[in-house]
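Welcome! Please have a first look, and then read on.

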Amino acid sequence: MTQATPAEVLAYVALGANLGDAQATVLQAVNALAQLPGTRLLRASSLYRTAPFEASGPDFINAVAAISTRLSAPELLLNLQQLEHDQGRQRPFKNAPRTLDLDILLYGNAVINSPDLQVPHPRMLQRAFVLVPLAEIAPERVSDAQLAALALQTVQPLPDAKPLSPASKAR
């Protein structure tokens, strides 16, 4: 008996870093998303510079990527945590500066509320560094009112900082 292939799910992942060469790290992480098992990178936003929000350290480099994946949400989370670990991510205290931070924003239409994962991301609507790049690649997911509510949070696009074109073949 053959096992059914899991259906592809459209997911959005927030990427951020503020230690080391944050820009290069975020670009590498976007490309690494395309290498995850059963996953295709569909779109990636431009890169944005933002001051730390509820965090400390240097400015962050942020982006959002849209992926199509056959991984379950918990499997995707584990893979994202492995990518963070591979970049030297440590968690000495809440909101510590980080070499790489990857968060699942949306996973299809799923609502997940477990100790390890909450989807939709519980704070995404409070963070311009998430909504601005999300609006760039999925304008139907972000309203003008949501963006206006965060107008005081500065999000600066980086000139000529766009991830490479997405890979079209699932791994």
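Let's begin with helix 3 (residues 128-137): eight of its ten residues are buried, so this helix is largely enclosed by the rest of the structure. Here, helices (H or I, at least four residues) and strands (E, at least two) are DSSP runs, numbered from the N terminus. Buried means under 20% relative accessible area, exposed means over 50%, and partly exposed lies in between (1.4 Å probe, protein chains only).

What you see is a predicted model, where local features need pLDDT of at least 70 and side-chain atom pairs count only at pLDDT 80 or more, while totals for chains, interfaces and linings use all residues. Residues are numbered from 1 along each chain as its sequence is written, and side-chain values use heavy atoms, with hydrogens and water left out.

**The chain as a whole**

- The secondary structure of the protein chain comes to four helices and eight strands.
- Read from the N terminus, the order of these elements is β-α-β-β-β-α-β-β-β-α-α-β.
- The protein chain has 171 residues, and 44% of them count as buried.
- Among the contacts (heavy atoms within 4.5 Å) with a separation of 6 or more, 70% come from residues 24 or more positions apart.

**Helix 3 and its residue I137**

- The buried residues in helix 3 are A128, F129, V130, L131, P133, L134, A135 and I137.
- I137 has its place in helix 3, and this residue counts as buried because its relative accessibility is 9%.
- Which residues does I137 touch, not counting those up to four places away in sequence? They are Y12, R43, A44, S45, V64, A65 and A66.
- Although I137 and A66 are 71 residues apart in sequence, their C-alpha atoms are 7.6 Å apart in space.

- Strand 1 pairs with strand 4 in the antiparallel sense over nine bridges; two strands pair if DSSP finds at least two bridges between them. Y12 has A66 as its bridge partner in strand 4.
- Strand 2 and strand 4 are also antiparallel, and five bridges pair them. For R40, the bridge partner in strand 4 is S68.
- Strand 3 (residues 48-50) runs antiparallel to strand 4, and three bridges join them. R49 has its bridge partner in strand 4 at I61.

**Helix 1 and its buried face**

- Helix 1 (residues 22-33) has twelve residues and reaches 16 Å from its first C-alpha to its last, close to the 16 Å expected at 1.5 Å a residue. That expected span is 1.5 Å times one less than the number of residues in the helix.
- Its buried residues are A22, T25, V26, A29, V30, A32 and L33.
- Seen down the helix axis, the buried residues of helix 1 fall within an arc of 160°, so they line one face of the helix. The arc is that of the directions from the helix axis to the C-beta atoms.
- These buried residues pack against strand 1, strand 2, strand 4, helix 2 and strand 5 (101-107).

- Side chains of opposite charge can pair when their charged atoms come close.
- How many salt bridges are there, counting a side-chain nitrogen of Lys or Arg within 4 Å of a carboxyl oxygen of Asp or Glu? The count comes to two.
- R40 and E8 form a salt bridge through their side chains, at 2.9 Å from N to O. This pair links distant parts of the chain, 32 residues apart: R40 lies in strand 2 (residues 39-44) and E8 in the segment before strand 1 (9-17).
- E8 also forms a salt bridge with R70, with the closest N and O atoms 3.7 Å apart. Here the partners are 62 residues apart, with R70 in the loop between strand 4 (60-69) and helix 2 (73-86).
- Through shared partners, the salt bridges join E8, R40 and R70 into one network.
- Are these residues buried or partly exposed? R40 is partly exposed at 23% relative accessibility, E8 is partly exposed at 34%, and R70 is partly exposed with a relative accessible area of 33%.
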